[in-house]
Amino acid sequence: MSKTWAIGDVHGFSLALRRLLDEIEPQPDDTIVLLGDYVDRGPDSKGTLDRLMQLERECHTVFLRGNHEDMMIALLEWEKNPHAGGFFQCLKRGLSGFLGIQGGVSKFHFSAWLALGGRQTLGSFAPRIQKVSQIPEKYLEFMIRTKLFYEDDKNIFVHALYDPNLPMEEQTSEKLMWGRLTKGAPEPHFSGKTTYTGHSAQKNGEILDLGHFVCIDTYLYGGGWLTALETSSKECLQIDAGGRFRLSE
């Protein structure tokens with residue numbers, strides 16, 4: 001019987017991802033949904049993307065776009081056309097309030113991303129790479145083709161949050177990639193489906209399971225775990241940045 005696994009925010013920790021996938025042993029009929037934020041913060045964003053592209057040849061895969069991929073794509077657009085304003089719109093979606101940025105983006109665009117893990121991402125490719133547009137094309141293309149959401153018969157998968165009253169195709173990218181749990185989790189989606197999400201790091205290392213809403217970002221980059229959850233059986237695997245599995249209690 002085929003399985004569907006959701007995997008939380010990897011953030012450049014390729015060792016944890018590789019060992020987690022080795023444990024899952026995905027079969028051709030299985031579906032693995034990565035919830036976004038593959039890059040930034042951790043030491044090996046390049047290796048993480050390499051493993052994900054390899055995974056595409058092993059089973060059915062869904063790669064969602066996290067806010068960190070959103071930043072890189074917007075930066076890429078900005079580097080190609082500084083007058084387009086793409087990265088400024090990205091900042092407005094999620095960063096301007098956090099960093100206190102006001103006015104034009106030219107002074108802050110690159111340093112903002114570097115401060116949120118971009119420095120580690122560039123370094124994982126090569127010392128000579130100093131901007132997003134210098135990253136090899138296949139990695140940029142991978143991020144550009146990521147999706148904002150995925151649905152199956154019983155579940156919805158997003159990086160961040162959702163509006164419970166809107167069909168998924170009518171949701172805003174701001175909500176799907178940048179929404180925070182500052183006001184608590186959203187109500188159940190009107191479809192009745194269970195939503196699996198990442199983005200809002202659970203710093204206690206525990207899954208936030210509210211029944212209709214399941215957050216599996218368990219703070220890998222901060223010393224927690226990378227979590228994989230099988231949606232039917234609820235089998236859970238958790239591994240730390242050093243590749244050590246969490247023992248069942």
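**Entry 1: F157 and Y196**

I started with F157, which counts as buried because its relative accessibility is 0%; buried means under 20% relative accessible area, exposed over 50% and partly exposed in between, with a 1.4 Å probe and protein chains only. Y196 counts as buried too, again because its relative accessibility is 0%. A note on the source: this is a predicted model, in which local features need pLDDT of at least 70 and side-chain atom pairs count only at pLDDT 80 or more, while totals for chains, interfaces and linings use all residues. Residues are numbered from 1 along each chain as its sequence is written, and side-chain values use heavy atoms, with hydrogens and water left out.

**Entry 2: aromatic pairs**

I searched the whole structure for aromatic pairs and got eight. Rings of Phe, Tyr and Trp (its six-membered ring) pair if their centres lie within 6.5 Å; planes under 30 degrees apart count as stacked, over 60 as edge-to-face and the rest as tilted. Y38 and F63 make an edge-to-face pair, 6.3 Å centre to centre with 90 degrees between the planes. Y38 sits in the loop between β2 (31-34) and α2 (45-55), F63 in strand β3 (residues 60-63), and the two are 25 residues apart. Both Y38 and F63 are buried.

Back to my opening residues: F157 and Y196 form a stacked pair, 5.5 Å centre to centre and 20 degrees between the planes. F157 lies in strand β5 (residues 155-158) and Y196 in strand β6 (residues 194-197), so this pair ties together parts 39 residues apart in sequence. I also noted that Y38, F63 and F142 form one aromatic cluster.

**Entry 3: the five-strand sheet**

Helices (H or I, at least four residues) and strands (E, at least two) are DSSP runs, numbered from the N terminus, and two strands pair if DSSP finds at least two bridges between them. I found an open sheet of five strands in the order β4-β5-β6-β8-β7, with mixed pairing. β4 (149-151) and β7 (208-209) are at the edges with a single partner strand each, so one side of each has no neighbour in the sheet. β5 and β6 run parallel and are joined by three bridges; F157 stands opposite Y196 in β6.

**Entry 4: strand β10**

Why is β10 (residues 225-230) largely enclosed by the rest of the structure? Because five of its six residues are buried. I then checked its partners. β1 (residues 4-7) runs antiparallel to β10 with three bridges, and W5 has E230 as its bridge partner. β9 (residues 217-218) pairs with β10 in the antiparallel sense over two bridges, with D217 opposite L226. β9 and β10 form a hairpin with six residues between them, and Y219 in the turn has a positive phi of about 65 degrees. β11 (residues 236-239) is antiparallel to β10 over four bridges, with T227 partnered by Q238.

**Entry 5: E69**

I finished with E69, in helix α3 (residues 67-80). E69 is buried yet has no salt bridge, and the nearest side chain of opposite charge, R65, is 6.9 Å away. For the record, a salt bridge is a side-chain nitrogen of Lys or Arg within 4 Å of a carboxyl oxygen of Asp or Glu; Lys and Arg count as positive and Asp and Glu as negative, with His and the chain ends not counted. A polar atom of the E69 side chain lies 2.8 Å from the backbone nitrogen of G66. Leaving out residues up to four places away in sequence, E69 touches G36, D37, Y38, V39, L64 and M143 (contact means heavy atoms within 4.5 Å).

Key
A polar contact is a pair of N or O atoms within 3.5 Å; within protein, one must be able to donate a hydrogen and the other to accept it, and residues adjacent in sequence count only if both atoms are side-chain atoms.
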